[in-house]
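Hi there,

Here is the structure I promised to pass on.

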Amino acid sequence: MKKPGKDRRLRRRFIAVFLAAVMLPSLIMAYLGLRYIKQEEQWQEQLVVSNLKVTLSNAVHKIEEDVHQAVLQVFDSLTYETSLPTSIVPQQLHKFLTEHTFFKELFVMDNKGRLLFPRSFRLQKASGQIVMSSTLNKQRLIRGEESEARGKYNDAIDEYQTGLGDCTYTQEKLAFRIRIARCRYKTGDLAGAQHNYQLVLDEDANQFLGEELPYQFIASFQLAQIFDQLGQHSKAFHIIAQLYSNMLAEFQRFEQKQFNYYLSKIRNELQKHLQYAGTVAPALLDSLIQVEEVFLQEPKHYSFLQVSVIPSIETALRAKLGHNSVRYILIEHSDNLIQVAFREFGNTIQGIRTIGIILKRSYLSDLVIKLLHRIDVGENLRIILLDDEKTIMKPGETKIIPIVEEPLHLLEGTMDGYRLALMGTRETSIEEFTSRAVIPYYALILVITVVIALGVIFIFHDISREQELARMKSDFISNVTHEIKTPITTIRSLAENVKEGWVTSIDKQQDYFRLIARESERLGHLVENTLDFSRIESGSKRYRMEDSSTQEVIEKTVDRFRNLTEGQQVEISCNISKNLAPIRMDVEALGQALLNLFDNAVKYSKERKIIMLIAEVEGDHLKIAVSDQGIGIDRKDIPRIFEKFYRSESNTKKNITGSGIGLTIVKEIVEAHNGRIEVVSERNKGSTFTIYIPIKREEAHV
Ligand code: ADP
């Protein structure tokens with residue numbers, strides 16, 4: 001019998017225990033867990049920030065080092081270029097500048113503070129004043145010129161010659177020398193003139209000294225004229241070509257207009273001589289013109305180098321002399337600060353030179369951005385350069401907020417104000433980074449919650465099952481008792497009737513004894529079933545397998561069943577195939593299983609109790625089907641009817657007694673024979689239980 005009140009009480013108690021023992025601690029645990037995760041999130045945030053700071057600071061060091069190395073490299077390669085002879089330096093440096101992109105301006109100065117590169121013109125025209133060592137010499141020059149004007153060339157030569165003997169300064173000497181040469185020429189002494197003009201060239205030593213015109217210029221043109229007169233055109237060409245080359249090399253000594261004027265005169269002269277000057281002349285002229293073209297590309301008026309840079313570097317050099325180390329100075333120039341990196345180097349032939357590069361922030365930032373590409377800061381992160389106004393140095397990315405940043409100290413302050421920053425590749429905030437780190441904790445909480453939930457469901461399910469089983473067990477006991485009681489009561493009353501002598505006729509007594517025997521048989525069957533079940537439950541049921549005739553078992557069982565149902569309206573029809581071979585079985589067990597099926601067929605039949613048995617071979621199996629035309633089984637009950645104690649609810653309504661172990665025993669016996677049982681049933685039409693037992697000899701459970 002069901003006891004819903006007790007069930008409910010049990011359930012309530014269980015819920016109370018469950019809440020107190022499981023839910024409350026779980027909730028407390030979850031709360032503590034979440035608090036811990038929040039705290040962990042904060043720690044993670046600090047950890048992430050400090051890790052990022054370390055990454056960034058490494059990157060900053062690397063960039064600083066790389067930029068420094070890039071500058072050093074420039075100086076190392078420049079040292080070679082600039083140690084070349086002065087005339088080659090410009091060409092090499094032009095090439096060098098096009099190959100390097102992070103700076104665009106460089107200069108080389110010699111130890112006298114003169115710029116070798118870029119070359120620049122003298123800002124003012126030379127005065128043309130001859131500095132004389134004595135007034136006497138001055139007078140000699142004037143007197144010589146007066147004699148020359150009057151056509152007295154030899155007198156003039158004498159005056160000049162005496163003056164020459166008293167000379168101190170080169171320019172003074174050259175002034176007398178060139179006048180002597182001129183007079184010699186005028187007297188027709190070509191050899192003397194040639195000799196003196198040559199001496200002028202030698203003594204001038206490319207200083208381009210002079211009065212109205214440089215002496216070298218006059219001497220070269222005069223010499224060319226003499227060579228022409230002597231028919232030595234090639235010599236004439238070469239002397240002018242030499243002048244051209246010297247002027248290109250020493251252009252700083254000229255004022256630009258003056259220089260251009262001289263150069264055009266020289267080129268005209270060379271063109272005039274070209275056809276008489278021999279085969280090498282055109283090539284020589286071409287190469288000189290090329291040099292001139294390169295030279296014209298140079299920034300010519302580098303006044304800020306002359307005015308600001310060179311003097312500052314000279315001061316710095318005086319303060320500390322050191323070859324081979326790169327130094328930096330900041331120079332103020334028209335409200336701008338210019339950072340200059342320079343290094344002194346020297347060799348025995350060219351003397352000490354200083355070479356410098358102008359570092360501009362924009363060039364350097366380009367270099368830094370290029371170097372940043374090589375730095376790996378990890379997945380989802382990017383490193384960027386911020387300028388002093390905090391704008392990002394790459395267009396189109398202004399929205400992204402840097403996570404950490406650090407100032408960049410480059411080349412002694414050149415990039416002050418610039419900083420490197422780390423940020424996410426997308427619009428990632430620091431929270432996103434840290435939340436990623438605590439995901440495993442959340443996952444753990446989730447897993448724990450799911451496990452607890454599953455556990456609760458499982459326990460509920462289990463408890464419900466246990467409760468149902470307990471209920472079914474108690475129903476079973478009362479049902480069995482009830483079932484046993486019925487035949488006992490019948491036997492007792494029949495026996496008493498005979499004992500009291502109320503049944504006198506022999507026939508009647510025989511009837512009574514038969515009834516007693518039938519009820520005893522039924523009682524026996526009930527007890528057998530119950531004992532069998534108990535053996536099955538305890539695992540102690542044994543089978544005695546032997547080769548037996550199926551037909552015999554069926555017929556014996558049908559006979560026994562007929563006995564049991566004597567007096568009831570039961571129709572049994574058997575259709576047993578003739579060719580059933582003996583199979584290995586426990587005769588008693590199988591008989592009992594069949595009896596249980598017959599029993600149910602009668603019990604669950606309506607008024608007419610018609611049972612049909614078919615036994616035949618189907619494939620490898622012996623098939624025994626027991627059908628009735630009874631009430632059938634609810635579809636929902638079918639999966640459960642073989643469970644122990646299970647009885648369909650409709651039985652109670654219809655007052656059909658039973659203990660719920662009959663089919664459990666049948667199934668167990670069939671399975672002990674390696675067989676299976678199937679059921680097909682339709683409500684109100686009847687049911688068919690079919691047993692399949694393998695015919696082949698197989699090991700059965702013993
Ligand atoms: P019971 O003692 O209740 O008959 P069983 O284990 O023999 O126990 O059967 C389990 C349940 O299966 C029965 O309560 C009944 O609902 C159903 N059942 C068994 N055999 C039949 C049948 N032939 N027709 C209808 N219902 C049946």
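Arg-676 stands opposite Tyr-692 in β15. This is a predicted model, so local features need pLDDT of at least 70, side-chain atom pairs count only at pLDDT 80 or more, and totals for chains, interfaces and linings use all residues. Residues are numbered from 1 along each chain as its sequence is written, and side-chain values use heavy atoms, with hydrogens and water left out.

Seven bridges join β14 to β15 (residues 686-694), and the two run antiparallel. Strands here are DSSP runs of E with at least two residues, helices are runs of H or I with at least four, and both are numbered from the N terminus; two strands pair if DSSP finds at least two bridges between them.

The open sheet has five strands in the order β10-β12-β13-β15-β14, with mixed pairing. β10 (570-576) and β14 (676-682) stand at the edges with a single partner strand each, so one side of each is left without a neighbour in the sheet. From one strand to the next, the twist averages 15°. Helix α18 (residues 662-672) packs on the sheet and touches β14 and β15 (contact means heavy atoms within 4.5 Å). The direction of α18 makes about 140° with that of β14 (axes are lines fitted to C-alpha atoms, for helices over the stretch in contact, and angles run from 0 to 180 degrees between N-to-C directions).

In a regular strand the side chains alternate between the two faces of the sheet. On β14, the covered face has Ile-677, Val-679 and Ser-681, while Arg-676, Glu-678, Val-680 and Glu-682 make up the uncovered one.

With 18 residues at 1.5 Å a residue, α9 (residues 256-273) should span 26 Å, and its end C-alpha atoms are 26 Å apart, which agrees (the expected span is 1.5 Å times one less than the number of residues). Buried residues of α9 include Phe-259, Tyr-262, Leu-263 and Ile-266 (buried means under 20% relative accessible area, exposed over 50%, partly exposed in between, with a 1.4 Å probe and protein chains only). Down the axis, the buried residues of α9 fall within an arc of 125°, so they line one face of the helix; the arc is that of the directions from the helix axis to the C-beta atoms. Lys-257 and Lys-272 are exposed on the face turned away from that buried side.

The whole structure holds 15 aromatic pairs (rings of Phe, Tyr and Trp, with its six-membered ring, pair if their centres lie within 6.5 Å; planes under 30 degrees apart count as stacked, over 60 as edge-to-face and the rest as tilted). Phe-251 and Phe-259 form an edge-to-face pair, 6.3 Å centre to centre with 65° between the planes. Phe-251 and Phe-259 are buried. For Phe-254 and Phe-259 the centres are 5.7 Å apart and the planes at 50°, so that pair is tilted. Ring pairs also link a cluster, among them Phe-208, Phe-217 and Tyr-261.

**One more residue to look at**

Glu-145 is found in helix α3 (residues 135-149) and, at 32% relative accessibility, counts as partly exposed. Leaving out residues up to four places away in sequence, Glu-145 touches Tyr-160, Arg-179 and Arg-182.

Enjoy exploring!
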